[in-house]
Amino acid sequence: LKLHLLFKQESSHFAGVLVDDTTGSLLPGGQEVRFSPANRYYLAYEMEDGGATEILKLYGRDGELLWSGYNGLLAEDDSLLATFRRVHWITPDTVEAMIVPYDKSKRFRATLAMRDNAGWHWEPLPSQIGGLRIDPRQK
């Protein structure tokens with residue numbers, strides 16, 4: 001890939017852009033970007049100043065936003081219940097993360113992938129952690 005990542009801050013939002021050396025086009029980026037093994041997709045990490053955790057975005061190679069959520073699991077009241085650790089591509093179209101709950105309960109793995117043409121989402125996820133319901137909009 002012939003891309004350059006440029007850091008960008010807009011008011012309280014920390015992100016980045018990718019500059020394609022071949023075409024000169026700009027693609028959405030983040031503070032950090034990780035491409036899939038076949039370079040068809042990429043993950044970008046962004047941060048809102050004062051946010052509970054980073055924002056994780058999945059893009060197609062053309063810059064189309066395919067999924068967006070937090071780099072962790074939030075409760076319905078927006079409190080952080082768990083963080084994603086060791087986020088990495090395990091196949092050309094599947095991301096895996098270790099989910100680490102803040103209540104010290106057992107860690108578990110989940111994968112982010114396209115599921116039955118119903119869009120990208122994480123599985124398996126519990127319905128609650130530490131007695132608090134996971135915000136269903138995140139899945």
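This is a predicted model: local features need pLDDT of at least 70, side-chain atom pairs count only at pLDDT 80 or more; totals for chains, interfaces and linings use all residues.
Close-up 1. Residues are numbered from 1 along each chain as its sequence is written, and side-chain values use heavy atoms, with hydrogens and water left out.

**Close-up 2. The nonpolar cores.** A nonpolar core is a set of buried Ala, Val, Leu, Ile, Met, Phe, Trp, Tyr and Cys residues joined through side-chain atoms within 4.5 Å; buried means under 20% relative accessible area, exposed over 50%, and partly exposed in between (1.4 Å probe, protein chains only). The largest core has 23 residues, and Leu-58, Leu-73, Phe-84 and Trp-122 touch the most other members. Two or more residues come from each of β5, β6, β9 (80-91), β10, β11 and β12. Strand β9 gives the largest share, 5 residues. A second, separate core holds 6 residues, including Leu-3, Leu-18, Ala-44 and Tyr-59. Strands here are DSSP runs of E with at least two residues, numbered from the N terminus.

**Close-up 3. The open sheet.** Five strands line up in the order β8-β9-β10-β11-β12, with antiparallel pairing; two strands pair if DSSP finds at least two bridges between them. At the edges are β8 (72-74) and β12, each of which pairs on one side only. From one strand to the next, the twist averages 30°, using axes that are lines fitted to C-alpha atoms and angles that run from 0 to 180 degrees between N-to-C directions. As a handy reminder, strands of a sheet pair through backbone hydrogen bonds, either parallel or antiparallel.

**Close-up 4. Glu-96 between β10 and β11.** These two strands, β10 and β11, pair in the antiparallel sense over 6 bridges. Glu-96 stands opposite Thr-111 in β11. Glu-96 also forms a salt bridge with Arg-109, with the closest N and O atoms 3.6 Å apart; the term means a side-chain nitrogen of Lys or Arg within 4 Å of a carboxyl oxygen of Asp or Glu. This pair links distant parts of the chain, 13 residues apart, with Arg-109 in strand β11 (residues 108-114) and Glu-96 in strand β10 (residues 94-101). With a relative accessible area of 16%, Glu-96 is buried.

**Close-up 5. Two further salt bridges.** The whole structure contains 6 salt bridges. In one of them, the side chains of Glu-46 and Lys-57 meet at 3.3 Å, N to O. Glu-46 lies in strand β5 (residues 41-48) and Lys-57 in strand β6 (residues 55-60), so the pair ties together parts that are 11 residues apart in sequence. Glu-46 is buried, at a relative accessible area of 5%, and Lys-57 is buried too, at 18%. Glu-32 and Arg-34 form another bridge, at 2.7 Å, N to O. Here Glu-32 counts as partly exposed at 33% relative accessibility, and Arg-34 counts as partly exposed at 28%.

**Close-up 6. Pro-126 in its loop.** Look for Pro-126 in the loop between β12 (120-123) and β13 (128-129). Its relative accessibility is 26%, so Pro-126 counts as partly exposed. Phe-108 is 18 residues away along the chain, and the C-alpha atoms of Pro-126 and Phe-108 are separated by 9.9 Å.

Technical notes:
Helices (H or I, at least four residues) and strands (E, at least two) are DSSP runs, numbered from the N terminus.
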